[in-house]
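Here is a short report on one protein chain. Look over the sequence and the fold, then read on.

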Amino acid sequence: MHAFRTAVEAGDFDALPALCAQDVVFRSPIAHKPYQGRDQIGVILRAVSRVFADLTYVKEIGGEGQADHALVFTAKVGDLDINGCDFLHVGEDGLIDEFTVMLRPLKAVTAFAERMAVEFEKEMVAAGLA
């Protein structure tokens with residue numbers, strides 16, 4: 001997962017879709033249904049990059065060659081601290097085919113959801129998907 005982590009830590013969110021399978025499934029902590037597809041992931045992650053500040057991975061679980069990885073992180077949403085974990089599954093082709101995010105605490109997740117709705121819509125328009 002080093003390529004994914006490296007891109008996020010460098011703020012290179014545009015590089016992330018290429019690390020995902022074409023039919024990747026993304027499960028969000030603020031959406032009831034999963035999103036599917038590399039284009040959707042790009043939109044979501046670019047929006048996230050404008051909502052989170054100071055995103056820092058603090059722990060990585062899962063070694064090279066393993067299919068499942070967990071990347072524990074901290075970030076800021078406005079003046080609120082948020083903690084989360086990116087759960088990633090890599091297929092045999094080496095691309096991420098499942099991506100699930102968990103977040104806490106509730107107050108920060110609520111602030112994230114409110115800001116994310118605005119940024120997601122902007123990204124959908126910019127990508128020509130809305």
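Asp54 counts as exposed because its relative accessibility is 60%. The cut-offs are under 20% relative accessible area for buried, over 50% for exposed, and partly exposed in between, with a 1.4 Å probe and protein chains only. Asp54 is found in strand 3. Asp54 is not a glycine, yet has a positive phi of about 55°. Strands here are DSSP runs of E with at least two residues, helices are runs of H or I with at least four residues, and both are numbered from the N terminus.

Strand 3 also holds Glu60. Glu60 has 23% relative accessibility, so it counts as partly exposed. Eleven residues separate Glu60 from Leu71 in sequence, but their C-alpha atoms are 4.6 Å apart in space.

## Basis of the model

This is a predicted model: local features need pLDDT of at least 70, side-chain atom pairs count only at pLDDT 80 or more, and totals for chains, interfaces and linings use all residues. Residues are numbered from 1 along each chain as its sequence is written, and side-chain values use heavy atoms, with hydrogens and water left out.

## The sheet

What is the strand order of the open sheet? Its six strands run 2-1-6-5-4-3, with mixed pairing. Two strands pair if DSSP finds at least two bridges between them. Strand 2 (35-36) and strand 3 are the edge strands, each pairing on one side only.

The pairing of strand 1 with strand 6 is parallel, over four bridges. Val25 stands opposite Glu98 in strand 6. Arg27 faces Thr100 of strand 6 in the same way, standing opposite it. Strand 5 and strand 6 run antiparallel, joined by eight bridges. Here His89 stands opposite Glu98 in strand 6. Strand 3 and strand 4 are also antiparallel, with six bridges. Tyr57 stands opposite Phe73 in strand 4.

## Turns and a cis bond

Two hairpins deserve a look. Six residues lie between strand 3 and strand 4 in their hairpin, and Gly62 in the turn has a positive phi of about 110°. The hairpin of strand 5 and strand 6 has five residues between the strands. In its turn, Gly94 has a positive phi of about 85°.

The peptide bond from Arg104 to Pro105 is cis, with omega near -10°. Pro105 is found in the loop between strand 6 and helix 3.

Phe52 lies in the loop between helix 2 and strand 3. With 12% relative accessibility, Phe52 is classed as buried. Setting aside neighbours within four places in sequence, Phe52 is in contact (heavy atoms within 4.5 Å) with Phe73, Ala75, Lys76, Val77, Ile82, Leu103 and Phe112. Ala21 is 31 residues from Phe52 in sequence and 24 Å away in space, C-alpha to C-alpha.

Which residues touch the most other members of the largest nonpolar core? Of its 35 residues, these are Phe4, Phe52, Ile82, Ile96, Phe99, Leu103 and Phe112. At least two core residues each come from helix 1, strand 1 (20-27), helix 2, strand 4 (68-77), strand 5 (80-90), strand 6 and helix 3. A nonpolar core is a set of buried Ala, Val, Leu, Ile, Met, Phe, Trp, Tyr and Cys residues joined through side-chain atoms within 4.5 Å.

## The largest pocket

The largest pocket has a volume of about 300 Å³. Its lining has 26 residues, and Phe26, Ile44, Val48, Phe112 and Met116 are the closest to its centre. Helix 1 (2-9), helix 2 (38-51), strand 3 (53-61), strand 6 (96-104) and helix 3 (106-126) each give two or more residues to the lining. Helix 3 gives the largest share, five residues.

By class, the lining has 24 nonpolar, one polar and one charged residues. Ala, Val, Leu, Ile, Met, Phe, Trp, Tyr, Cys and Pro count as nonpolar, Asp, Glu, Lys and Arg as charged, and the others, Gly among them, as polar. A pocket is an open set of points on a 1 Å grid over the protein atoms alone, where a 1.4 Å probe fits, with protein on both sides within 12 Å along at least five of seven lines; lining residues have an atom within 4 Å of a point. Points are joined across faces, edges and corners, and the volume is the space filled by probe spheres set on them.
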